[in-house]
Amino acid sequence: MKLGFITSILDYCGFEEMIDTAAELGFACVEVACWPGGKAERRYAGVCHIDAERVLEEDAYARHILDYSREKGVELSALSFYPNTLDPDLEKRAANVEHLKNVIRASAKLGVNRVGTFIGRDQSKSVEENLEIVAQVWPEIIALAEENKVQIAIENCPMLFGSDQWPGGQNLMTSPALWEKIFQLLPSQYLGLNFDPSHFVWQMMDYIQPIYAFRDKIFHVHFKDIKLYQDRLAKVGTMAYPLDYMQPKIPGLGDVRWDRFVSALTDIGYDGYACIEVEDRAFEGSKEKVRNSLALSKRYMEQFVI
């Protein structure tokens, strides 16, 4: 496996400084944030280290990205854009889909051939209604991915944290049962998973068995941890806003058994990219804290991934 990190945590710097940071800390790869310009709608969104539209328009810019990362010895594991492609606001939905298509095209042009994203969800509608919307929105996205030979790696985050995403969350691919339904609905070798075990922890789900069941669909892996506060959970229950009883942490400071998780990945022969995702509030507030979060996460995960 190749150990890296998702670049959205480095929202204070540009592409070159981001790559420099990865190289200085000894990371092999990065999953590069590619949001469009404008104000972010949520934390860890809106970061742009590679401008997808500019990649498509300017060959010199695309060459610079590849030359600079190659010079520093840092691979691009994926381009990432995590919007709600099923947003009930049709104007937002169309904008999200269009930018995702450009990220797919840019990934192909750069030779990365992998994009991390969400399937999306209309949080006010049922699962069945959302599956119908997936069948309307996603075939043309998948067709573009197939045409450009770009893997679409869907992260299994429910995007349900507080009142803004209540009640259904903003990403439908949250469980093995729903993975099966969507893979049947969109039968493509270019649609798979960006598997993050932390989201299964707070949903009280097994995050080991799906590695074996979906071994051929794991295109990319996230290393993020979650800490469950049992006293809070006992007080509010699982129907509460998830952030009332859990908190994202850096790897090793939460409840994921990383030895078991990585062991299962080695069982299936996974030797692809695994990127640390930092969303730990304890490591926010300064560049030094952010850098420390990456260094500490890397040190911990190197017990299992060299």
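Trainee: At what angle do the axes of helix H1 and helix H11 cross?
Mentor: Roughly 45 degrees, and the axes of H1 (residues 15–25) and H11 (residues 287–301) come within 11 Å. Axes are lines fitted to C-alpha atoms, for helices over the stretch in contact, and angles run from 0 to 180 degrees between N-to-C directions. Helices (H or I, at least four residues) and strands (E, at least two) are DSSP runs, numbered from the N terminus.

Trainee: Which residues of H1 and H11 make the contact?
Mentor: Glu-17, Thr-21, Glu-24 and Leu-25 on H1; Lys-287, Arg-291, Leu-294, Ala-295 and Lys-298 on H11. Contact means heavy atoms within 4.5 Å.

Trainee: What should I know about the model itself?
Mentor: It is predicted: local features need pLDDT of at least 70, side-chain atom pairs count only at pLDDT 80 or more, and totals for chains, interfaces and linings use all residues. Residues are numbered from 1 along each chain as its sequence is written, and side-chain values use heavy atoms, with hydrogens and water left out.

Trainee: New topic. In what order do the strands close into a barrel?
Mentor: S1-S2-S3-S4-S5-S6-S7-S10, eight strands with parallel pairing. Two strands pair if DSSP finds at least two bridges between them. Neighbouring strands of this sheet are turned by 30 degrees against each other on average, ignoring direction.

Trainee: How many bridges do S1 and S2 have?
Mentor: Three, in the parallel sense, with S2 covering residues 29–33. Gly-4 stands opposite Cys-29 there.

Trainee: And S4 with S5, how many bridges?
Mentor: Four, again parallel. Arg-114 faces Gln-151 of S5.

Trainee: Which helix goes with S4 and S5 in the β-α-β unit?
Mentor: H5, residues 127–148, and the unit is right-handed. That means that, with the strands pointing away from the viewer, the path from the first strand over the helix to the second runs clockwise. From S5 the chain then crosses through H6 (residues 176–185) to S6, also a right-handed β-α-β crossover.

Trainee: Is S5 mostly covered or uncovered?
Mentor: Mostly covered: four of its five residues, 151–155, are buried. Buried means under 20% relative accessible area, exposed over 50%, partly exposed in between (1.4 Å probe, protein chains only).

Trainee: Last one. Where is Thr-7 placed?
Mentor: In the loop between S1 (2–6) and H1. Its relative accessible area is 0%, so Thr-7 is buried. Leaving aside neighbours within four places in sequence, its contacts include Met-18, Val-32 and His-49.
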